[in-house]
Amino acid sequence: MKSRIPGLKMFKVWSLIYNLIFLLLFFISTPYLLIKQKWHRGFLMRWGLFSPDIQTALKQGKNIWVHAVSVGEVLAMRGLIRALKQRLPDHQVILSTVTKTGHKVAASELKEETKFIMKPLIGYT
C-alpha cells in the first residue's frame, strides 16, 4: 500500500541514518568522556539513569512533566509550576532542562516545588 504522506519514506530513511550516526558517535565519544572525566553532573541523566529519588518520583504515576530548555524558560515556568502545585498538590512536577545553567537555576529557584532532571536523549519522551 502506498503512503499518502509525501516524503514519509525519505523521512524514515534519514531518521535511520541520523540514529545510526548518533549511536556511532556515542560509542566513539563515551570512552573518551569517561577516561578524561569530561562529563557533568547531569551526564547520566541524559541516558535515562536517574537517582533513586527521581526514579521513585517518576514511578509514582501522578507526574506532570514540564520541559524548559534553558535559564529563560526555567524562569518563565516558575509561575506555571507554582500554580500546578497549588491546584494539583497530589501530583509531582518534574522539570527537565537541556542546559547545565538551566538545571542550576531550576535547583535554586524551584527546589521546593519540583524534582528537576536533565532532559534525557533517549526514552521518556
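## Terms and model

A residue is called buried when its relative accessible area is under 20%, exposed when that area is over 50%, and partly exposed in between, with a 1.4 Å probe and protein chains only as cover. The model is predicted, so local features need pLDDT of at least 70, side-chain atom pairs count only at pLDDT 80 or more, and totals for chains, interfaces and linings use all residues. Residues are numbered from 1 along each chain as its sequence is written.

## Strand 2 and its cover

Strand 2 (residues 92–97) has six of its six residues buried, so this strand is largely enclosed by the rest of the structure. Strands (E, at least two residues) and helices (H or I, at least four) are DSSP runs, numbered from the N terminus. In a regular strand the side chains alternate between the two faces of the sheet. Here Gln 92, Ile 94 and Ser 96 lie on one side and Val 93, Leu 95 and Thr 97 on the other, and both faces are covered.

## Neighbouring strands

Two strands pair if DSSP finds at least two bridges between them. Strand 1 (residues 63–68) pairs with strand 2 in the parallel sense over six bridges, and His 67 stands opposite Ser 96 in strand 2. Strand 2 also runs parallel to strand 3 (residues 114–118), joined by five bridges, with Ile 94 opposite Lys 115 in strand 3.

Methods. Side-chain values use heavy atoms; hydrogens and water are left out.
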